Each structure stands twice: as structure tokens, then as C-alpha cells.
Amino acid sequence: MTYVVTDACIRCKYTDCVEVCPVDCFYEGENMLVINPSECIDCGVCEPECPAEAILPDTESGLEQWMEINAKYSAEWPNLTTRKDAPADADEMKSVEGKFEKFFSPEPGEGD
């Protein structure tokens, strides 16, 4: 089992999860984070830290797309190990539906 970041993170990009991760398995895209599934130790400390509820265990159904996205982009995006401020409109973006189709960017973030 591993944890995955879903589209609820897009344009919210809270990094509270990064701060508690003991193995630094988060990677930063332009407008979301992903988890490297081969680095995640399944400790689960990140899940309750996410204000957008974007982190889920891969045992939940319907996450195949997100498992692929997390694996693909964690190999391409820079590692993020420290907390950053969320975007100014993050709280407003939490409830937006269809964020992947509207806002997903494959571009990398800055990382550490």
C-alpha cells in the first residue's frame, strides 16, 4: 500500500503534508504535489494533515489514474521537503469540481 495525491490538491497545493513526511516522498508540480509510490512507507501521517483531503490510501477504489499520475510525475518533478505557503486562493479552490480537466499542469514546481 502507498498513499496518493488526487486532484483535490490542484491549485490548493497545501504543503502541511510535506512537513510531516518522514521519508521526503513528495514532489512538486506547478500547481499540485504528488507522492513517489516507491518511496512512501505507508505511515499515513500525511493524510490527516491535508486541508484539501487530497491524500488517500491506494486501497480505495477508483484511484488508478492517480496512482499513475503520482508515479509518473514524482519521477519528473523536483523533490519538496519543506513547507511552503499555499496559494492565496487555495481555500476557495478546495471545493471546485473537475480540477484535473480545468487546471492540471504537467510543468514542474520549484522544489526545495
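In this predicted model, the side chains of Lys72 and Glu76 come together in a salt bridge, with an N to O distance of 3.0 Å. Lys72 counts as partly exposed at 42% relative accessibility, and Glu76, at 45%, is likewise partly exposed. Salt bridges with shared partners also join Lys13, Glu28 and Lys84 into one network, and a search of the whole structure finds 5 salt bridges.

Because Lys84 lies in the loop between H2 and H3 while Glu28 belongs to strand S2 (residues 26-28), the pair ties together parts that are 56 residues apart in sequence. How accessible are the two partners, buried or partly exposed? Lys84 has a relative accessible area of 24% and is therefore partly exposed, whereas Glu28, with a relative accessible area of 3%, is buried, the cut-off for buried being under 20%.

A further salt bridge is formed by the side chains of Asp89 and Arg11, at 2.8 Å from N to O. This pair links distant parts of the chain, 78 residues apart, since Asp89 sits in the loop between helix H2 (64-74) and helix H3 (90-93) and Arg11 in the loop between strand S1 (3-5) and helix H1 (16-20). Asp89 is partly exposed, its relative accessible area being 22%, and Arg11 also counts as partly exposed, at 26% relative accessibility.

Technical notes:
Residues are numbered from 1 along each chain as its sequence is written. This is a predicted model: local features need pLDDT of at least 70, side-chain atom pairs count only at pLDDT 80 or more; totals for chains, interfaces and linings use all residues. Side-chain values use heavy atoms; hydrogens and water are left out. A salt bridge is a side-chain nitrogen of Lys or Arg within 4 Å of a carboxyl oxygen of Asp or Glu. Helices (H or I, at least four residues) and strands (E, at least two) are DSSP runs, numbered from the N terminus. Buried means under 20% relative accessible area, exposed over 50%, partly exposed in between (1.4 Å probe, protein chains only).
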